[in-house]
Amino acid sequence: MFKNKELKNLRKMNHLSQSEVAEKIGKSQQSYAFYETGRVTPDADTISKLADFFHVPVEYLFSNKLYTMEENSIVIYGRGSGPKKYKLTEKRLKAIQALLDDDNSSNDIDF
């Protein structure tokens, strides 16, 4: 199922207007707004354009997962110019574990 709320989150994370995204994918602002509200589900070609534009795998638009795990690394999607790959060093693994152990944490991990 297409995650329309994640589409809106991606747009906001990248500080873009609906009109800006719509123009980049060749759609009207109204069509794009319908995608975000869930009134219309984009076709496969449009989903592919959205994924390319936001530098996320197509699967993200169906699962809302902002990362993928690879051997000894994590790839984070959806911010800026493309995916960022980070090697999972012992220090980073400890920082991640500390965040997971602290449910009240509002700290970011410093990669």
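# Helix packing and aromatic pairs

The structure is a predicted model, in which local features need pLDDT of at least 70 and side-chain atom pairs count only at pLDDT 80 or more, while totals for chains, interfaces and linings use all residues. Residues are numbered from 1 along each chain as its sequence is written, and side-chain values use heavy atoms, with hydrogens and water left out.

The protein chain contains six helices and three strands. Helices (H or I, at least four residues) and strands (E, at least two) are DSSP runs, numbered from the N terminus. Their order along the sequence is α-α-α-α-α-β-β-β-α. Of the 111 residues of the protein chain, 29% are buried. Buried means under 20% relative accessible area, exposed over 50%, and partly exposed in between (1.4 Å probe, protein chains only). Contact means heavy atoms within 4.5 Å. Among contacts between residues at least 6 apart in sequence, 41% join residues at least 24 apart.

**Helix pairs**

Two packed helices are described by the angle between their axes and the distance between the axes. Here the axes are lines fitted to C-alpha atoms, for helices over the stretch in contact, and angles run from 0 to 180 degrees between N-to-C directions.

α1 and α3 pack with their axes 6 Å apart, at an angle of about 120 degrees. On the α1 side, Asn4, Lys5, Leu7, Lys8 and Arg11 meet Tyr32, Tyr35, Glu36 and Thr37 of α3. This contact of α1 with α3 has three nonpolar, two polar and four charged residues. In this classing, Ala, Val, Leu, Ile, Met, Phe, Trp, Tyr, Cys and Pro count as nonpolar, Asp, Glu, Lys and Arg as charged, and the others, Gly among them, as polar.

Helix α3 (residues 29-37) also packs against α2: the two axes come within 8 Å and cross at roughly 105 degrees. α2 and α3 are therefore roughly perpendicular to each other. Gln18, Ser19, Val21, Ala22 and Ile25 of α2 make the contact with Gln29, Tyr32, Ala33 and Glu36 of α3. By class, the residues of the contact of α2 with α3 divide into five nonpolar, three polar and one charged. Alanine 33 and glutamine 18 are 15 residues apart in sequence, and their C-alpha atoms are 6.7 Å apart.

The axes of α2 (residues 18-25) and α4 (residues 44-54) come within 10 Å and cross at roughly 115 degrees, and these two helices are therefore roughly perpendicular to each other. α2 passes α4 in a right-handed crossing; a crossing is left-handed if the near helix is turned anticlockwise from the far one by less than a right angle, and right-handed if clockwise. Val21, Lys24 and Ile25 of α2 contact Thr46, Lys49, Leu50, Phe53 and Phe54 of α4. The residues of the contact of α2 with α4 comprise five nonpolar, one polar and two charged.

**Aromatic pairs**

Rings of Phe, Tyr and Trp (its six-membered ring) pair if their centres lie within 6.5 Å; planes under 30 degrees apart count as stacked, over 60 as edge-to-face and the rest as tilted. By this rule there are three aromatic pairs. One of them joins phenylalanine 2 and phenylalanine 62, an edge-to-face pair at 6.0 Å centre to centre with 80 degrees between the planes. Phenylalanine 2 lies in the segment before α1 (4-13) and phenylalanine 62 in helix α5 (residues 60-63), so the pair ties together parts that are 60 residues apart in sequence. Phenylalanine 53 and phenylalanine 54 have ring centres 5.0 Å apart and planes at 75 degrees, so this pair is edge-to-face.

**Positive phi and accessibility**

Most residues other than glycine have a negative phi. Histidine 15, not a glycine, has a positive phi of about 55 degrees and lies in the loop between α1 and α2. Histidine 55, again not a glycine, has a positive phi of about 60 degrees and sits in the loop between α4 and α5.

The table lists relative accessible areas for residues named above.

| Residue | Relative accessible area | Class |
|---|---|---|
| Phenylalanine 2 | 9% | buried |
| Phenylalanine 62 | 34% | partly exposed |
| Phenylalanine 53 | 24% | partly exposed |
| Phenylalanine 54 | 2% | buried |
| Histidine 15 | 70% | exposed |
| Histidine 55 | 30% | partly exposed |
| Alanine 33 | 15% | buried |

Conventions. Angles under 35 degrees count as roughly parallel, over 145 as roughly antiparallel, 65 to 115 as roughly perpendicular and the rest as oblique.
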